[in-house]
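Okay, thanks for coming, everyone.

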Amino acid sequence: MNVNISIFCVGKLKEKYLRQGIDEFLKRLGPYAKVDIIEVPDEKAPEHLSETEMEMVKEKEGERLLAKITDDTYVIILAIDGKMLSSEQFAKELDQLATYGKSKIAFVIGGSLGLSKKVEQRADYALSFSKMTFPHQLMRLILLEQIYRAFRINRGEPYHK
C-alpha cells in the first residue's frame, strides 16, 4: 500500500527525549509509508487570554495549517471529542482509507489551545486518543507509535500488546 502520511503540528518540538522517540518511529515507519512532520509556527500569546483572544490565536494557527493541506488530502484531526478507537479499529480505518484510494492522509494536532473552527470543518474525521488532555508535543509521539502499530497489525506482524 502506497500511503503518504503527513502530521501537521503547531509549534516547534523542543524536548530532546520526544525528538528521539519521534525519530525512532519515523525510522521504523520507513518500510510502510512515507511520513512527514510539518510544523507551523505557534502564535505568541500571553498566559491569560480572553475567549476572543483565544479564538484569534486558534484562527491564526489554523490558517497556517490549512495553507499547507492540499485539497486531495484526507484530513484526520486529533480532538478530545472525536471518535475513540482501539488500535485494531484504527488499523482497520487506515487500511480502509488506502483500499479506497486515499493515499494522502494528514493528521492535524493543534496548538496548546486546540484547533480553529475552520480546521475542524476541513476535517474528514475527528479522532480522540482519550478524554484526557495530553501536551500537543507528546501527541506526536503517541500518534506515530499508533500509526506504526496499525501497519504492523494490518500486515499480521507481531507487535507487543
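Helices (H or I, at least four residues) and strands (E, at least two) are DSSP runs, numbered from the N terminus. And keep in mind that this is a predicted model, where local features need pLDDT of at least 70, side-chain atom pairs count only at pLDDT 80 or more, and totals for chains, interfaces and linings use all residues. Residues are numbered from 1 along each chain as its sequence is written, and side-chain values use heavy atoms, leaving out hydrogens and water.

So, which order do the strands take in the open sheet? There are five, and they go β2-β1-β4-β3-β5, with parallel pairing. β2 and β5 are the edge strands with a single partner each, so one side of each has no neighbour in the sheet. From one strand to the next, the twist averages 30 degrees.

Zooming in, β3 and β4 run parallel and are joined by four bridges. V75 has A106 in β4 as its bridge partner. Then there's α5, which packs on the sheet and touches β1, β2, β3 and β4 (contact means heavy atoms within 4.5 Å). The direction of α5 makes about 165 degrees with that of β1; axes here are lines fitted to C-alpha atoms, for helices over the stretch in contact, and angles run from 0 to 180 degrees between N-to-C directions.

Now the inside. A nonpolar core is a set of buried Ala, Val, Leu, Ile, Met, Phe, Trp, Tyr and Cys residues joined through side-chain atoms within 4.5 Å, and buried means under 20% relative accessible area, exposed over 50%, partly exposed in between (1.4 Å probe, protein chains only). The largest core has 33 residues, and I5, I7, I76, F107 and I147 touch the most other members. Which element gives the most to this core? That's α5, with eight residues. Apart from that one lies another core, of 12 residues, including F8 and I69.

Last stop, α2. V57, K58, E61, G62 and L65 are its buried residues. Looking down the axis of α2, they fall within an arc of 130 degrees, so they line one face of the helix; the arc uses directions from the helix axis to the C-beta atoms. Over on the other side, T52 and A67 are exposed. Among the things covering the buried face are β1, β2, β4 and α4.

Technical notes. Two strands pair if DSSP finds at least two bridges between them.
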